[in-house]
Amino acid sequence: MPPESILVQFLSGTIEAERVADSPACELLLRQARSANLLSRVAALCDDKNLTSRLPQRMQNHLQSAQAVAEANHRSVKWEAKQIELTLLADDIPFCLLKGGAYVVGQTVAAKGRVFSDVDILVPREFLEKTEQLLIRKGWMCTNFDSYDQRYYRTWMHELPPLQHMKRGTTLDVHHAIIPPTARIKSDIEKIWKSAHKVDKYKVLYIPDNKDLVLHSAVHLFCDGELENGLRDLSDLDLLLRDLSVNDDFWAGLLARSVELNLQRPLFYALRYTHALLKTPVPAKFLTASKQGSPGSLVEKWMDFLFYRALLPDHITCTDRWTGLARWMLFVRSHWLKMPPLQLAQHLARKGYKRWKKRNASV
Amino acid sequence: MKLSSLTRSELRRRLKEEGLGLNIGPFNTSLTSSIGVVGDGLEQLYGAFTLTGDADFIDFRVSLNSPSGLRRWFRPQVNFSFDGFFPFKPLPQIQAFAMFEWGLNWCIANNAHQYLIIHAAVIERNGVVCILPGTPGSGKSTLCAALVCKGWRLLSDEMALVSTQTGEIFPVPRPVSLKNQSIDIIQHYSFDAVMGDVVMDTAKGTVSHMRPPQSSVEQSEKPGTPGLIIFPKYTAGAEPNLIPLTQASALMKVAENSFNYSVLGLQGFEVLGELVSKCACYEFSYQSLDEAKETLESLI
């Protein structure tokens, strides 16, 4: 049996308010939420449920503090969006906010208590070099000067090496696709651009269509190996799905869109795990239909074993002896999905050698 | 129950096993460590602090332990963990107690935005709270330690916690951190000052901590009303000199010394505006601690 988490129970609404208000349970919720970067979201959800005032005063203090952090994050991302708009407007380069930034600026429900450490944008491939030049001129600098890493990003990845603003310290990831060009699955980014919406009062700033927000979040969560924010991203998906599915034709549309974008596999995982862990009300019919994207029942079982562990908060109170292994295997899997075997072998050898050299230098 | 009522072995047992829970101002902190100097430091400096009860809500669970692997024996190190998260690189093990202080500062500065947090020493006399914001080298900790030795109440030597609701200052009367020459200066200034171990060659030079007065610790629950903001500047050969600051420039200077002014946004500006409007604000250069004490007491 995979371990249980009070944070998961709270997010899925399967724990009664009285139990959360109890001091030891409440502290456990605090600890798990803090380690999963979900404390601000817990704060927002407690407000929604009119629960905050019934919690221990100490918990209320932590929630208030976390809410201030989320608000600061949101102010910052709006400011960054405006600065990027002004920068790219010079050459009329369209850009699309992704993930957290898109949730906030697009005023979606997943903005609720969402915190993030960087801003992600998408620009058309043909404008990538120009975009980078314009950004550098306005103070976003590359922080990684390792020539191998530079080449790795620029020739193989779907994004530039991260940029950091000299004065504000904010990190910016500039993508030209949502999946690395070397990856096994291919998805046509043109289609995402075609259905993106321009944001009011902006000239070159776009937000992906809602269905594409869901699909991109699924790709990010189930194909990238960085799962330290796994539960946060799963909760984003849960909130988006709950909110968007008030439209009757949403589920059918989402499935159709996943076929168009060739993203049935990530959508299958997204529906499977939001439903299983966070009790997202996915109608049985569509859960079954999403099985088109299943990797087969044997792999499914294996993935369950891994994701039921790796999607929990990375906290000592909800890990078992397999958790570390599960995280590591999913990390390896993400690389496996990202590049062909020979390239992966070269990459890992290179990285391993560098790490070994660095470690020896520091002792 | 106070920490000083624990036997030496019980203190160490708790540190090793379930964690030693301490009520430190507004924060319940539980500390786990099997490193000897940590227990020593607590014994020397935290005796007057209240232990938390078994079922109490703990705000910060921290630990100070050796990293695994070779470094346990070879040039031993210590790692600070905040509930499984490691915000710092390991330090030499001899600095473990100082790392507890620095680590707890980090926990508060990053997780207590229910306060506007100002990098400052905070002391009180006759019901008037005096905030001494400090850039490094300004001598705020030395001045704070000196005044506290002469009867002022210690609220904090490191951070002013300004309530965003009431504007009051909440105490965290932890040991006062002293560096380099300040350690000797304070020991000579007051024979009552009790110092912890002196640790050399840290990132901040030689450091030691002064035990907070028992009466200040006993008033940990009692917030104070701010009345003075003093920007101290130790200046060799200077007569004590107070230069009044306008509210606007005091606000800007305090904002520069705030850890979370930008996190709080508009609320931060409003709280700070309130604070500055209630306080008399000065720049203060001084050399002699006695003269500084006299000057500041004349303002109250």
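**Stop 1: a salt bridge between chains**

Select Arg31(A) and Asp83(B). Their side chains meet in a salt bridge, with N and O 2.8 Å apart. This is a predicted model, so treat each stop as part of a prediction. How many salt bridges are there between chain A and chain B? The count is three.

**Stop 2: the rest of the interface**

Now show the whole contact between the two chains. Chain A brings 18 residues to the contact, and chain B brings 23 residues. The area buried between chain A and chain B is about 1700 Å². Carbon and sulfur atoms give 44% of that area.

Next, select Glu27(A), Arg34(A) and Arg58(A). These three supply 33% of the area that chain A buries against chain B.

Which elements of chain A give two or more residues to the side that touches chain B? Color α3 (23-35) and α5 (57-89) of chain A to see them. Of the elements, α5(A) gives the most, with 10 residues. Then color this side of chain A by class. You will find seven nonpolar, six polar and five charged residues.

**Stop 3: a pocket**

Move to the second largest pocket. About 710 Å³ of space lies in this pocket. Its lining has 32 residues. Which of them lie nearest the centre of the second largest pocket? Select Gly139(B), Ser141(B), Thr142(B), Lys179(B) and Ser182(B).

Now show the elements around the space. In chain B, α3 (96-111), α4 (140-149), β12 (176-179) and α5 (181-189) each give two or more residues to the lining of the second largest pocket. The largest share, four residues, comes from α5(B). By class, this lining has nine nonpolar, 16 polar and seven charged residues.

**Stop 4**

Search the whole structure for cavities. Three of 30 Å³ or more turn up. Rolling a probe the size of a water molecule over the atoms shows where empty space is left.

Go to the largest cavity. About 40 Å³ of space lies there. Which residues line the largest cavity? Select Asn105(B), Ser156(B), Asp157(B), Glu158(B), Met159(B), Val172(B) and Arg174(B). By class, the lining of the largest cavity has two nonpolar, two polar and three charged residues.

**Stop 4: a threonine in a loop**

Return to chain A and select Thr182(A). Where is Thr182(A) found? It sits in the loop between β5 (171-175) and α9 (189-195) of chain A. Follow the side chain of Thr182(A): it reaches the backbone oxygen of Lys338(A) at 2.7 Å.

Then show the neighbors. Leaving out residues up to four places away in sequence, Thr182(A) touches Trp156(A), Met157(A), Lys338(A), Met339(A), Pro340(A) and Gln343(A).

**Stop 5: a salt bridge within chain A**

Over all chains, the count comes to 38 salt bridges. For one of them, select Asp233(A) and Arg114(A). Their closest N and O atoms are 3.8 Å apart.

Notes: Residues numbered from 1 in each chain as written. Chains lettered and ligands numbered in written order. Predicted model: local features only at pLDDT ≥ 70, side-chain atom pairs only at ≥ 80, totals over all residues. Heavy atoms only, no water. Contact = heavy atoms within 4.5 Å. Buried area = accessible area lost by both parts, 1.4 Å probe. Salt bridge = Lys/Arg side-chain N within 4 Å of Asp/Glu carboxyl O. Nonpolar A, V, L, I, M, F, W, Y, C, P; charged D, E, K, R; others polar. 1 Å grid on protein atoms, 1.4 Å probe; cavity = no way out; pocket = protein on both sides within 12 Å on 5 of 7 lines; lining within 4 Å. Points joined across faces, edges and corners; volume = space filled by probe spheres on them. Polar contact = N/O pair within 3.5 Å; in protein donor to acceptor, adjacent residues only side chain to side chain.
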